[in-house]
2 protein chains.
Amino acid sequence: MTEHYHHADLPRRLRTVTRAVVEEEGSAAVTIARIARECGVSVAAPYRHFAGKEALLGAVAADGFDALREALTAADGATPTERLVAAGVAYVDFATTHPHLFELMFRAERRERQSAAGPPALEALATLVNDVPLRVPTDVAVRTTWGLAHGLAMLRIGGMLTFTREDTAERLRAELTALVEGIAPDR
Amino acid sequence: MTEHYHHADLPRRLRTVTRAVVEEEGSAAVTIARIARECGVSVAAPYRHFAGKEALLGAVAADGFDALREALTAADGATPTERLVAAGVAYVDFATTHPHLFELMFRAERRERQSAAGPPALEALATLVNDVPLRVPTDVAVRTTWGLAHGLAMLRIGGMLTFTREDTAERLRAELTALVEGIAPDR
DNA sequence: ACCTGAACACCGTTCAAGT
DNA sequence: ACCTGAACACCGTTCAAGT
């Protein structure tokens with residue numbers, strides 16, 4: 001049959017295998033040769049489905065933004081403020097759970113692709129901000145919230161902020177709440 | 001003489017040339033072969049002074065942290081709060097002015113080296129926070145301030161936050177002030 | 001001590017040729 | 001249409017040999 005020639009949904013397998021390598025060893029470990037090898041296919045085969053290495057990594061990054069959006073929309077809480085804080089915690093948790101994927105998603109070199117992929121993920125955050133009573137313009141609140149969550153996430157996966165295992169969520173909650181209470185009209 | 005053999009302070013020249021390539025084209029464009037070529041030296045020569053490519057990039061990143069620290073300590077203002085906000089603006093300005101260098105400095109892969117280089121740069125921020133009257137623990141305030149500045153910087157150089165040319169500093173000031181006023185005991 | 005030249009294994013990408 | 005095999009230019013790193 002076609003067992004060694006046609007491979008079932010190679011594009012999908014390439015993305016899956018690449019994502020696994022990224023998550024385990026980081027995007028620097030991704031090599032077209034290696035991915036092809038692990039898919040049991042020739043080095044030239046991936047080029048039928050992706051323009052090159054960067055395009056393949058771009059597809060994996062896009063999958064990452066989908067996963068992030070899902071994690072953010074799943075965040076819940078009793079009040080609007082608590083829901084916003086929960087989303088912030090989910091944001092940082094996502095980065096902590098998938099550090100290499102997260103870094104790939106926000107690599108500055110992929111500017112163009114990202115400015116398209118980012119906003120959808122941001123929408124969940126913007127929606128939550130809208131429900132919180134504000135004393136600053138909405139866009140300032142959105143940027144500030146996203147900025148803080150993103151900065152804490154980045155510094156953390158970079159090893160610049162060290163959290164002990166126990167107080168992670170609580171500490172995060174305190175930091176995010178400090179911000180929200182600064183934004184809200186009455187503390 | 002020794003014109004084509006000994007080169008004046010090769011280690012220094014390697015760092016300088018590497019930093020220039022990083023700033024102009026990003027760290028992905030750095031190649032031992034290219035750096036050696038631009039220094040007029042054989043491909044093997046850099047290995048006498050740096051363990052490898054990562055070590056060379058690490059030295060450039062360390063230089064970057066020095067520059068960042070200087071930019072932060074130069075920030076000034078009339079009140080403690082204004083000084084802190086000015087440092088935050090300086091932080092984001094540094095990232096905007098040296099996007100590729102900044103990204104290299106905070107690459108997650110270089111974890112170990114950074115957790116040593118980061119804190120000194122952070123100290124300037126921590127000192128400024130100490131002068132501001134707080135209603136939250138100092139370490140929470142430091143992390144929150146650094147986190148917000150870092151997140152805005154990262155999102156901005158990644159093209160996720162777009163600032164028009166005019167309102168940059170003012171907008172930043174508004175965002176940082178919103179945070180500080182949330183931290184301070186009386187607004 | 002510092003540098004060169006040559007070598008090795010590896011990678012990204014292309015392309016004619018196969019099915 | 002999808003894949004292979006072979007090729008090209010390039011890179012990181014090492015090492016014996018030169019001064």
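## Basis of the model

Residues are numbered from 1 along each chain as its sequence is written, and chains are lettered from A in the order in which they are written. Because the model is predicted, local features need pLDDT of at least 70 and side-chain atom pairs count only at pLDDT 80 or more, while totals for chains, interfaces and linings use all residues; side-chain values use heavy atoms, leaving out hydrogens and water.

## Annotated regions

Residues 8–68 of chain A are 64% helix and 0% strand, where helices are DSSP runs (H or I, at least four residues) and strands are runs of E (at least two). Over residues 31–50 of chain A, the helix share is 35% and the end C-alpha atoms are 13 Å apart.

Nine residues from domain 1 of chain A and eight residues from domain 2 of chain A take part in the contact, which is defined by heavy atoms within 4.5 Å.

The area buried between the two domains of chain A (accessible area lost on being put together, 1.4 Å probe, summed over both) is about 780 Å², with carbon and sulfur atoms giving 44%. On the side of domain 1 of chain A, Arg19(A), Glu23(A) and Glu54(A) lose the most area, together 56% of what that side buries.

## The salt bridge

The count between domain 1 and domain 2 of chain A is one salt bridge, a side-chain nitrogen of Lys or Arg within 4 Å of a carboxyl oxygen of Asp or Glu. The side chains of Arg15(A) and Asp63(A) meet in a salt bridge at 3.1 Å, N to O.
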